[in-house]
Amino acid sequence: MKKSSLISIIAIAAVSALALTGCSSSTTDSASSKRACVILPDADSGTRWVPGDQPALEKALKAAGYEADIQNAQNDTSKYATLADAQLAKGCGVMLLVDLKGAAVAVTAKAQKQGIPVIAYDRPIAGADYYVSFDNSVVGQLEGQAVLDGLAAAGKDPKTASIVYGSGDPTDGNAKMFLDGALSVLDAAGAKAAFTMKGTWDGPTAGTEFEQAFTALKGKVDAVLSPNDNNAAAIIAILDKNHMTVPVSGQDASIAGLQNVLLGKQTATVYKPFSVEAKAASDLAIAILGGKKPKADKMNDGVPFIALTPINVKAADVVKVVAAGDAKVADLCTAAVAAACAKYGVK
Ligand code: BGC
């Protein structure tokens, strides 16, 4: 796909989210505050929140004339609650929360009690006013398909292949959607789990869980369903140690993930442009603050859901992420990756 078509995909995703703000009825009182309060979950689980979402949200909210108070709970649920209390004490016109192990549920109830609408950003939150995310079932389907494509390229039958199934932190509502999406594709192809890992967003824990799987299977691993690039990097490190390359899935189009894709160590990554997600969420926030009650075409667990379209990225597609400005050649094409960059035209 060419740069222009990628940009149009991004534009379509952004526009369809925007269109939602058009079909609105003005009922709610607009909060006087121009502050948008944002809480991110951690700094390392997804290699996205700090380098990707934070600047994208800040830019989108500031451009719309809002003050963006963006905090990071650093993977600590009590810190999450404390940060929220401090933000609420200062005043928020709207809250955009990325859940951390359910900590956002109580914060949502507290905010709503004060008349502050809550947008669940990326991860679902029970009782939130809105949910803005990528279509997480499709993300999972693309991951399952990456495993199947990798097996096909290796000439292996999914029905008999020894596949390790991984998933994200079970306390993140997205993790189940990713897994269910992947299973729908894998089950249909007759694939089965040779080993199922417990599921985590923590890289080192994913590495430990995979090492256990590897030992239990006596090294007979034909493919790994990995929920994101961060898990994939830890899994690939174990495979590397054992001089093995097998199909591995992932998501986030992180620098490490894209490098692994270029090197042929990861079959694909699912690209979910931060700029698109941040724009959709801030457009929604602005509409709410303007007293509108935007409608969404979809629902997720009773919460109006603005679903954006994820993009599959294989080695030949890495150029698209670069063209969209979401990965820099200088970061990607380090010494060990330079030859792969040249091969796939990443320059
Ligand atoms: C996000 C992923 C991310 C993961 C770990 C999920 O909820 O959708 O993009 O990799 O959390 O932070």
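**Strand pairing and the ligand site**

Strands E1 (residues 35–40) and E2 (residues 67–72) pair in the parallel sense over 6 bridges. Strands are DSSP runs of E with at least two residues, helices are runs of H or I with at least four, both numbered from the N terminus, and pairing requires at least two DSSP bridges. From E1 the chain crosses through helix H2 (residues 49–63) to E2, a β-α-β crossover that is right-handed; that is, with the strands pointing away from the viewer, the path from the first strand over the helix to the second runs clockwise. Within this pair, Cys37 has Asp69 in E2 as its bridge partner.

This is a predicted model, in which local features need pLDDT of at least 70 and side-chain atom pairs count only at pLDDT 80 or more, while totals for chains, interfaces and linings use all residues. Residues are numbered from 1 along each chain as its sequence is written, and side-chain values use heavy atoms, with hydrogens and water left out.

Around the ligand there are 14 residues (a heavy atom within 4 Å), of which Ser45, Arg48, Asp122, Asp172 and Asp252 come nearest. Ligand oxygen atoms lie 2.6 Å from a side-chain N or O atom of Asp252, 2.8 Å from one of Arg48 and 2.9 Å from one of Arg123. The protein buries 100% of the 310 Å² that the ligand exposes when taken alone (Shrake-Rupley method, 1.4 Å probe).

Asn300 is found in strand E10 (residues 298–300). Asn300 counts as buried because its relative accessibility is 15%, the limit being under 20% (1.4 Å probe, protein chains only).

Technical notes: Buried means under 20% relative accessible area, exposed over 50%, partly exposed in between (1.4 Å probe, protein chains only). A polar contact is a pair of N or O atoms within 3.5 Å; within protein, one must be able to donate a hydrogen and the other to accept it, and residues adjacent in sequence count only if both atoms are side-chain atoms.
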